[in-house]
Number of protein chains: 2
Amino acid sequence: MNVVMFVRDNGGEAALCRESLRETRKKELKEEIFLQALRMFKERGYENVTVEEITAACGIAKGTFYNYFPRKEHILLHLGQVKRALFDEAIARYSGVTDVRQRLKLIFGHVMSQSDLEPDLMKVTILEILRSWLLVEQEWQLMTEFEQQLTPLFAEAIAIGQVSPRSNPRELASVLVGIYLHALFAWLTKPEQGDKVELFNAHLDMMWDGMKKEGGAYGA
Amino acid sequence: MNVVMFVRDNGGEAALCRESLRETRKKELKEEIFLQALRMFKERGYENVTVEEITAACGIAKGTFYNYFPRKEHILLHLGQVKRALFDEAIARYSGVTDVRQRLKLIFGHVMSQSDLEPDLMKVTILEILRSWLLVEQEWQLMTEFEQQLTPLFAEAIAIGQVSPRSNPRELASVLVGIYLHALFAWLTKPEQGDKVELFNAHLDMMWDGMKKEGGAYGA
DNA sequence: GTCACTAAATGAACGTGGTCATGTTTGTAA
DNA sequence: TTACAAACATGACCACGTTCATTTAGTGAC
């Protein structure tokens, strides 16, 4: 039997607040499982790492994994949460940029350049995020949250006259998320064709200016 | 042991061309497996139907399934091929429509309204198509083919001055596929918010005209 | 310390997708 | 007819994700 006591550096707290020994152990073990799994996924690929190997690396039994993550793929969804945090951060950081198109480029550039997984791990992560978006009924969903966070930004852009008022902010946000997703997909399938941030920027420009040939010479 | 001889109505051909007996049998059994599987997926959902149940319904052994489809999910990819055929058909059918934006609406409208699966089956199918796009190295890929088929259409649109020449046709096609995918996703996650064809049309218009506020009153 | 209570850990067992060694059928050629 | 090879079918078997009845151990009351 494996005996692993994660006493760590917070033993003092245990005496202070009730349940803390159990609860901190719980949080720490979840993090431990997550980190070990991530490390192994990076080294050998998601499909090639078994739950049993992850638990062995943590010194726990196979069944224990499922006390912390309902499914193997929830490790990847947990990763998605990191992206969400980055998104929040970026929106706050660039809220002062007055040109909305530029602000969007900065926001997405931040999200894309920070969370740099290996492309292969990124692929399975995105697929799992999409799968849970489509197949799992749940209160929150990463994609929906992205939309919700972008909506006020478009409302503002319409209000200050940088975006045409003919579409509603929510729909604009939704389409932009689509552009983002597709740029990611396009880059993941052909990474040799340039940087993913530049690809997204190009698609955003296309979206912003429109495809149609404008009358006469078209502006900037 | 199950003895199932699919002699069918083409026994005559067998005498005519060599190998035909074997080959037609092969095609027919593949089709039989496909149809039985599809029926069961529709009735009970993809995840709730086992390969063994499919083969039992066809009167064959489990292992035989894998002589016809390398994986369970290839049933769904086979479904994707139907969509591809629809796409070909639609491009040919509407090649005479001179307004390119209108033509695109007709093409995608055709594809979307014809292949009407239950949304749930559509979800797993799209996810498998995306998974194979991202994870399987293969010569052809549905998404890539869509792009390739749309590219000359955009080249033409640029040539006749309906689309701004500032982007290249391939990139325009790529972005349009993204719009299509995202419209599908948006509809699948919230089907109550209207028809999927109208949703795509709205997004196409947005893409075509652009988001930005144009100087003065914006045209048609 | 002891006891009852409960959260957490455990690993055997299960279900299912996928493999493989083996057996069988079919087409071909002597 | 017979011999042979290739295609095809078979189901026991395996690997891995997931479940669950049982055991272990933290906790609070006395």
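I took contact to mean heavy atoms within 4.5 Å. I worked from a predicted model, in which local features need pLDDT of at least 70 and side-chain atom pairs count only at pLDDT 80 or more, while totals for chains, interfaces and linings use all residues. Residues are numbered from 1 along each chain as its sequence is written, chains are lettered from A in the order in which they are written, and side-chain values use heavy atoms, with hydrogens and water left out.

Entry 1, core. I looked up A:I33 and, leaving aside neighbours within four places in sequence, found A:I33 in contact with A:I54, A:C58, A:I60, A:F65, A:Y68, A:F69 and A:I75. A nonpolar core is a set of buried Ala, Val, Leu, Ile, Met, Phe, Trp, Tyr and Cys residues joined through side-chain atoms within 4.5 Å. The largest one has 142 residues, and A:I33, A:L104, B:I33, B:L104 and B:F108 touch the most other members.

I found A:H110 in helix α6 (residues 100-114) of chain A; helices are DSSP runs of H or I, at least four residues, numbered from the N terminus. Is A:H110 buried or exposed? A:H110 is buried, with a relative accessible area of 6%, where buried means under 20% and exposed over 50%, with partly exposed in between (1.4 Å probe, protein chains only). Not counting residues up to four places away in sequence, A:H110 touches A:L86, A:E89, A:A90, A:R93 and A:Y94.

On a 1 Å grid over the protein atoms alone, a cavity is a set of points where a 1.4 Å probe fits but cannot get out, and lining residues have an atom within 4 Å of a point. Grid points are joined across faces, edges and corners, and a volume is the space filled by probe spheres set on the points. I found three cavities of 30 Å³ or more. The largest holds about 100 Å³, and its lining includes A:H182, A:F185, B:H182 and B:F185.

Conventions. Helix = DSSP H or I, 4+ residues; strand = E, 2+ residues; numbered from the N terminus. 1 Å grid on protein atoms, 1.4 Å probe; cavity = no way out; pocket = protein on both sides within 12 Å on 5 of 7 lines; lining within 4 Å.
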